[in-house]
Amino acid sequence: MLNPQRSLSELPKMSAANQVERAVMEEEFNWLLKEEVHSVLKQLQDILKEASRRFSMPTTGLDGQVKQENFILGSTTMDQVKGVLTLQGEALTQADINLKVSKSSQVLHFQFRDDKQWKLQQIQDARNHVNQALQLLSSRDESYHFKTGAEVNKLMDAVMLQLTRARNRLTTPATMTLPELATSGLMKMFSPPMPGDVMVNFYINLSKLCLAVYQLHVLQPNTTKNFKPAGSSVLHNPGSTFELNNNRFEVSHVHKVECVVPWLNDTLVFFTISLQLCQQLKDKISVFSSLWNYRPF
């Protein structure tokens, strides 16, 4: 049987021990808010500045010109498509493409008009999200004192959202319908003009710059009884059909060629490291949250 006197006498000691433990934890948490949070923010800023620089955007000053990079397109379709792309930051400034037509073995040659360049929206968007993340981080300089864990988590969530959006823009190309491709501004970029039975699309997939070339043929009216237009997709398959200007078309051949852009791979690595740092800081905050339910961590 428990001794009531003994149990009562131990209560103050347990309470005192709890108070000491709580004081130690309070001290650790205050150190985390004052020192470690800012250390992580500094690391994040350094990494994301490197990521931002990889996008090769011009800076102020005489040496702010973005360098041009040439990439040779590699083909897995028996060299049906060959080409060289010139990338300057987020813009394709030149595309020199040779297409061997499947039926006739004739080689068609296209290149961008001298007065044209094609903005790669995925790169532009990813860069903008990185810069927004940097702005969020710089809004809390070293003199700023975080008062609660919730405040830190809110900042980390906002930064992670921008980084996730930046990564998704590079890893998830936009889907398009075939009529959207046929009427896009890209089709007006070339000299000589693209023939009506050829369409192209450029997009980023992870660290690769991709070119899709579609060869088409017109469907005869008697073959369109069960006509089903294709939906939206990143890459359309042979046999896909669509309607444009009262004509119905079918994709007869698809050629996809691509080249690796090393600095895009760098940025994806920087995004992964940054997201891990954000999550690790949130995990540390959560340790203290579970210990002190009475404080708004």
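Guide: What follows starts at the pocket, moves along a helix of its lining, and ends with salt bridges and backbone geometry. Keep in mind that this is a predicted model.

Start with the space itself. The largest pocket holds about 230 Å³. Its lining counts 13 residues. Those nearest the centre are Trp118, Gln122, Met176, Asn201 and Phe202. By class, the lining has seven nonpolar, four polar and two charged residues.

Now the elements behind that lining. Strand S5 (118–119), helix H2 (121–138) and strand S7 (198–205) each supply at least two residues. S7 gives the most, with three.

Take H2 next. It has 18 residues, and at 1.5 Å a residue these should span 26 Å. The end C-alpha atoms of H2 are 26 Å apart, so expectation and model agree. Several H2 residues are buried, among them Gln122, Ile123, Asp125, Ala126 and Arg127. Further along, His129, Val130, Ala133, Leu134 and Leu137 are buried as well.

Arg127 leads out of the helix. Its side chain meets that of Glu90 in a salt bridge, 2.8 Å from N to O. Glu90 sits in the loop between strand S2 (81–88) and strand S3 (91–100), while Arg127 belongs to H2, so the pair ties together parts 37 residues apart in sequence. Both partners fall under the 20% cut-off for burial. Glu90 is at 5% relative accessibility, so it counts as buried. Arg127 is at 14%, so it counts as buried too.

That bridge is one of 13 in the structure. Side chains of opposite charge can pair when their charged atoms come close. Consider Lys282 and Asp157, whose closest N and O atoms are 2.5 Å apart. Lys282 lies in helix H5 (residues 262–291) and Asp157 in helix H3 (residues 149–171), so this pair ties together parts 125 residues apart in sequence. Asp157 is partly exposed, with a relative accessible area of 37%.

Another bridge links two strands. Glu258 pairs with Lys208, with 3.0 Å between the closest N and O atoms. Glu258 is in strand S10 (residues 247–260) and Lys208 in strand S8 (residues 208–218), so parts 50 residues apart in sequence are tied together. Glu258 is partly exposed at 26% relative accessibility. Lys208 is partly exposed at 32%. Elsewhere, bridges with shared partners join Glu50, Arg53, Arg54 and Asp266 into one network.

Finally, the backbone. Most residues other than glycine have a negative phi, and most peptide bonds are trans. Three spots deserve a check. Ser191 and Pro192 are joined by a cis peptide bond, with omega about -5°. Pro192 is in the loop between strand S6 (190–191) and S7, and S7 is the strand that gives the most to the pocket lining.

Asn245 has a positive phi of about 55°, though it is not a glycine. Asn246 also has a positive phi, near 65°. Asn245 lies in the loop between strand S9 (241–244) and S10, and Asn246 is found in the loop between S9 and S10 as well. Asn245 is exposed at 66% relative accessibility. Asn246 is exposed, with a relative accessible area of 73%.

Technical notes: Residues numbered from 1 in each chain as written. Predicted model: local features only at pLDDT ≥ 70, side-chain atom pairs only at ≥ 80, totals over all residues. Heavy atoms only, no water. 1 Å grid on protein atoms, 1.4 Å probe; cavity = no way out; pocket = protein on both sides within 12 Å on 5 of 7 lines; lining within 4 Å. Points joined across faces, edges and corners; volume = space filled by probe spheres on them. Helix = DSSP H or I, 4+ residues; strand = E, 2+ residues; numbered from the N terminus. Nonpolar A, V, L, I, M, F, W, Y, C, P; charged D, E, K, R; others polar. Expected span 1.5 Å × (residues − 1). Buried < 20%, exposed > 50% of the residue type's maximum accessible area, 1.4 Å probe, protein only. Salt bridge = Lys/Arg side-chain N within 4 Å of Asp/Glu carboxyl O.
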